[in-house]
Amino acid sequence: MDKTIPTLEKAISEIPDGAQIMIGGFGGSGAPIELIHALIDRFRATGSPKNVTVINNNAGNGFIGIAAMIKAGMVGKMICSFPRSSNAEAFNEKYLAGDIELELVPQGTLAERIRAAGAGIPAFYTPSSFGTELANGKPTEEFEGKSYVREHWLKADFALIKGQEGDTVGNLTYRLAGRNFNPLMAMAADKTIAQVSVLGAAGTINPEQVITPGIFVDAVVEVSNPQQEEVLVRTGEVH
Amino acid sequence: MTDFNISDVALSNAQIAWRAAQDIEDGSYVNLGIGFPEMIAKFQPDGRDVTYHTENGVLGFGKAPLEGEEDWDLINAGKKAITLNPGASYFHHADSFAMVRGGHLDLAVLGAYQIAQNGDLANWRIGSKGVPAVGGAMDLVHGAKRVAVVTDHVTKDGKPKLVESCTFPLTGVGCVTRVYTSLAVIDIAGSKFVLKEKLPAVTLTQLQSVTGATLHIDGEVADLTVPEDL
């Protein structure tokens, strides 16, 4: 079983209009910039995929990555916990103009909804957001004297994630705090596409070190020396 | 509306952070909210071994790296570059929030727009305008053994931040256990504000006049004293 894909273009070529896409990373840490940029390039060249929904903790910074996707006009909806961060003008402008939809989800609930989808759990109860406007319309229940809100799993058609080491069967490791949402999203999407900084044959990653087992990964593309989103934002890079 | 000038006596943010830091116990696991609460780590008393958690998936982080030595894959929830202390670990977001909601943290400290006498907290948005953003605040108020707030006692235009009930959108219901303000240390118990410490320069009447709900006294009210040169 060889899951490697030779190019970024090929790796993202099947993502259709209207797709729900999870994108890993937290800020610039663990963000699959090259996969995102390949998707933007395809949209600019072909007009597709358009009207996609993006699931990420944030809503992009600067003029690269998810911010560039939004600026390019290919995103119809964001599902995230913290869209209002520094250099988030791309999202802010569209949101305030009513040109992009937002589903705001508490960060821990976002993570657990994604995990639940990957684990086959359609709903769960969490204390987070109980009694707040983000729980409006959601069923609640009391357990051992405390109130909880029912939340649903969050699935995706595709996940774009970033690993450090990958092998041909899709096993992944992550670099430093770049793990964040990546392993969860790998589990929750119909098709998970991973860019890895180092690609090896099966057996090159010690099984004890594997963080995401290959069963959760459908495609692996090698991007040696990947760009770091935070560095691109700080240098004002534009994609 | 008050017979004293708060700015003459109020503690600085650093002094409030210093006071909050004195209550961090040896051996505890602590999450400090982005912004003002982060300052508390600077004043951690010597000899106490404290492990700091950050929501994006790191336990045991230490000081900021020197400028130019940042690795932007190693950041905290405020997206600032960090370094690790010996014994640190990485984990994914679901495990990170399991540590929060699952009752594994000893202390979470947050900022506040308003705190109600029953422990309700409003700290994520002021009205319905602009771009809403919640991050991990609604999770962090649940699960930690103690949920504390550091804040000025009043808003910039002098309105009480400690109130009978919050008028801003809530972050969590009945979640705050202690409030460190620029004038006092106040516990929340039995849906009441219970005054534990106040600045010696402020009378009880003056403190009550800038507090939006009744301050209850249960036992001794100690002097709130902090180093002056912070």
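Which residue stands opposite Tyr148(A) in β7(A)? In this predicted model, the residue that faces Tyr148(A) of β7(A) is Glu141(A).

## Model and confidence

The structure is a predicted model, with an ipTM of 0.96 and a pTM of 0.96. For chain B, the average pLDDT is 95, and 99% of the residues reach a score of at least 70. Where pLDDT is low, the predicted coordinates should not be read in detail.

## Overall form of chain A

Chain A contains seven helices and ten strands. Its radius of gyration is 18 Å, close to the 18 Å that the globule rule gives for 239 residues, so chain A is as compact as a globular protein of that length.

## The three-stranded sheet

Three strands of chain A form an open sheet in the order β5-β7-β6, with antiparallel pairing. Because β5 and β6 of chain A stand at the edges and each has a single partner strand, one side of each is left without a neighbour in the sheet. From one strand to the next, the twist averages 40°.

Strand β5 (residues 123–126) of chain A pairs with strand β7 (residues 146–152) of chain A in the antiparallel sense over four bridges. Here Phe124(A) stands opposite Glu151(A) in β7(A). On the pairing with strand β6 (residues 140–143) of chain A, β7(A) is again antiparallel, over four bridges. Glu142(A) stands opposite Ser147(A) in β7(A), and Glu141(A) stands opposite Tyr148(A). β6(A) and β7(A) form a hairpin with two residues between them. In the turn, Glu144(A) has a positive phi of about 50°.

## Helix packing

Helix α5(A) lies across β5 and β7 of chain A and runs at about 155° to β5(A).

A helix-to-helix contact involves α3 (residues 65–72) and α4 (residues 89–96) of chain A, whose axes come within 8 Å and cross at roughly 35°. The crossing of α3(A) and α4(A) is left-handed. From α3(A), the residues Ala67(A), Ile70(A) and Lys71(A) meet Ala90(A), Phe91(A) and Lys94(A) of α4(A). By class, this contact has four nonpolar, no polar and two charged residues.

## The contact between chains A and B

How many residues does the contact take from chain A and from chain B? Chain A gives 40 residues and chain B gives 31 residues. On the side of chain A that touches chain B, the elements that give two or more residues are α4, α5 (107–119), α6 (182–188) and α7 (229–234) of chain A. The element that gives the most is α5(A), with six residues. By class, the side of chain A that touches chain B has 16 nonpolar, 17 polar and seven charged residues.

Two of these helices also take part in the packing within chain A. Helix α4(A), which gives residues to the side that touches chain B, crosses α3(A) at roughly 35°. Helix α5(A), which gives the most to that side, lies across β5 and β7 of chain A.

Methods. Residues numbered from 1 in each chain as written. Chains lettered and ligands numbered in written order. Predicted model: local features only at pLDDT ≥ 70, side-chain atom pairs only at ≥ 80, totals over all residues. Axes fitted to C-alpha atoms, helices over the stretch in contact; angles between N-to-C directions. Left-handed = near helix turned anticlockwise from the far one by under 90°. Contact = placed C-beta atoms within 7 Å. Nonpolar A, V, L, I, M, F, W, Y, C, P; charged D, E, K, R; others polar. pLDDT = per-residue confidence, 0-100. Pairing = 2+ DSSP bridges. Rg over C-alpha atoms; globule rule 2.2 N^0.38 Å.
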